[in-house]
Amino acid sequence: MNWATRAGVHIDRAACAWLIRRFIDPAAQFTFVADLAEVPVGATAFDIRGAELSHHGPDCSFETILRRYDLTDPVLWRIAQIVHEADLDDQRYDAPEAPGFDVALRGLSMICADERVLDLTAPLFDGLYEYHRRALLLGRDPA
Amino acid sequence: MSERPVPSWPGDGPGSWVLLCYRVPREPSAPRIAVWRKLKRLGVAQLGDGLAGLPADARTREQLEWIAEEVVEAGGSAGVWLARPASAAQERELAAAMAAARAAEYQTVTAQAAAARQGSEQARAAALRRLRAELRRITRRDYFPPPAREHARAAVEALARAGQGDDAGAVPAARRRP
């Protein structure tokens, strides 16, 4: 399936792309566009103004995708808090990791093309998922 | 540091602004207040009734686009524009007003950091955490950093050193503007 998002990937789009590949569409192909009007026919747009899979009310796109695809995994919702705070910084959640992720993603997008940012951040989100999965099972920070 | 009223141009450079024109229904008030809070957090220049602006860059443009979307979802109307002021003087005035608004916020942090130095070790630690976060939030919406920013940073770092036995904490307090 084809997916399209805005060029100049930051935390929300990188996290959404990871979420889509891992939990929705393992064969996902991503296109990067400047505007909703440039989204190729048949592609599903996300994190672009006017797209269904985008910010809605207080939610960032990652949270919207979790809701639309009925992903209720509490680990994903914990990651959603980090993505939300890194993207919007509105103190809705307590996510001390957020400023670090924000800077890391901003820096990466300065030196890498969008496709490469997705390649580099996928293992990071895999690790974040595993960390919070263990934290949830243990009820404390894993060693 | 530079004492120019407008230190350096952020974003896409001088003359490049992103504007949000918006109209939110008066009732219900919750979405209207949510939009107002978001604009305040972004540190926008309120150019008029229902017209807010920021120096244009990828991030400011994106943030205003999300707010525009929220306004439309709340039953209002909104548009995002890229614009240039007709005169440099008008732009300088705008930047100076934004810098002054941030300076007032930094001065509050400076005063609170100074006051917190009198507290117990526990109270100082709590105040330090809170003020560092507050400083980070202000810095994020500070597009034309005023000198008050360095004073606030110094006051917060002095709070971090307070009670460590040295008198370093007194130095930034002395540098504070009257």
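Two strands count as paired when DSSP finds at least two bridges between them. Helices (H or I, at least four residues) and strands (E, at least two) are themselves DSSP runs, numbered from the N terminus. With that in hand, chain B has an open sheet of four strands, ordered 2-3-1-4, with antiparallel pairing.

A quick word on what you're looking at. This is a predicted model, where local features need pLDDT of at least 70 and side-chain atom pairs count only at pLDDT 80 or more, while totals for chains, interfaces and linings use all residues. Residues are numbered from 1 along each chain as its sequence is written, and chains are lettered from A and ligands numbered from 1 in the order in which they are written.

**Chain B at a glance**

Chain B has six helices and four strands. Reading from the N terminus, its elements go β-α-β-β-α-β-α-α-α-α. Of its 178 residues, 29% are buried. Here "buried" means 20 or more other C-beta atoms within 10 Å of a residue's own; 12 or fewer makes it exposed, anything in between partly exposed, and the C-beta atoms are placed from the backbone. Two residues are in contact if their C-beta atoms, again placed from the backbone, lie within 7 Å. Among the contacts in chain B with a separation of 6 or more, 74% are between residues 24 or more positions apart.

Which strands stand at the edges? Strand 2 (45-48) and strand 4 (77-83) of chain B do, and each has a single partner strand, so one side of each has no neighbour in the sheet. From one strand to the next, the twist averages 25°. (Axes are lines fitted to C-alpha atoms, for helices over the stretch in contact, and angles run from 0 to 180 degrees between N-to-C directions.)

Here is how the strands of chain B pair up:

| Strand pair (chain B) | Sense | Bridges |
|---|---|---|
| Strand 1 and strand 4 | antiparallel | seven bridges |
| Strand 1 and strand 3 | antiparallel | five bridges |
| Strand 2 and strand 3 | antiparallel | three bridges |

Is strand 3 of chain B enclosed or open? Four of its five residues are buried, so the rest of the structure largely encloses it.

**Helix 2, on the sheet and at the chain contact**

Helix 2 of chain B packs on the sheet, where it touches strand 1, strand 3 (51-55) and strand 4 of chain B; its direction makes about 160° with that of strand 4. Thr60(B) sits in helix 2 of chain B. Thr60(B) is buried, because 23 other C-beta atoms lie within 10 Å.

Eight residues of chain B are in contact with seven residues of chain A. Helix 2 (residues 58-73) of chain B supplies the largest share of chain B's side, six residues. By class, that side has two nonpolar, no polar and six charged residues. (Ala, Val, Leu, Ile, Met, Phe, Trp, Tyr, Cys and Pro count as nonpolar, Asp, Glu, Lys and Arg as charged, and the others, Gly among them, as polar.)

Helix 3 (residues 88-116) and helix 4 (residues 121-140) of chain B pack at an angle of about 170°, and their axes are 10 Å apart. Helix 3 and helix 4 of chain B are therefore roughly antiparallel to each other. For angles, under 35 degrees counts as roughly parallel, over 145 as roughly antiparallel, 65 to 115 as roughly perpendicular and the rest as oblique. Residues making this contact include Tyr106(B) and Val109(B) of helix 3 and Leu131(B) and Leu135(B) of helix 4 of chain B. By class, the contact has nine nonpolar, one polar and four charged residues.

Further along, the buried residues of helix 5 of chain B include His151(B), Val156(B) and Leu159(B). Helix 5 of chain B is followed by Gly163(B), whose phi is positive, near 80°.

**A stop in chain A**

Ala135(A) is in helix 5 (residues 114-138) of chain A. Ala135(A) is partly exposed, because 14 other C-beta atoms lie within 10 Å. Leaving aside neighbours within four places in sequence, Ala135(A) is in contact with Arg140(A), Asp141(A) and Pro142(A).
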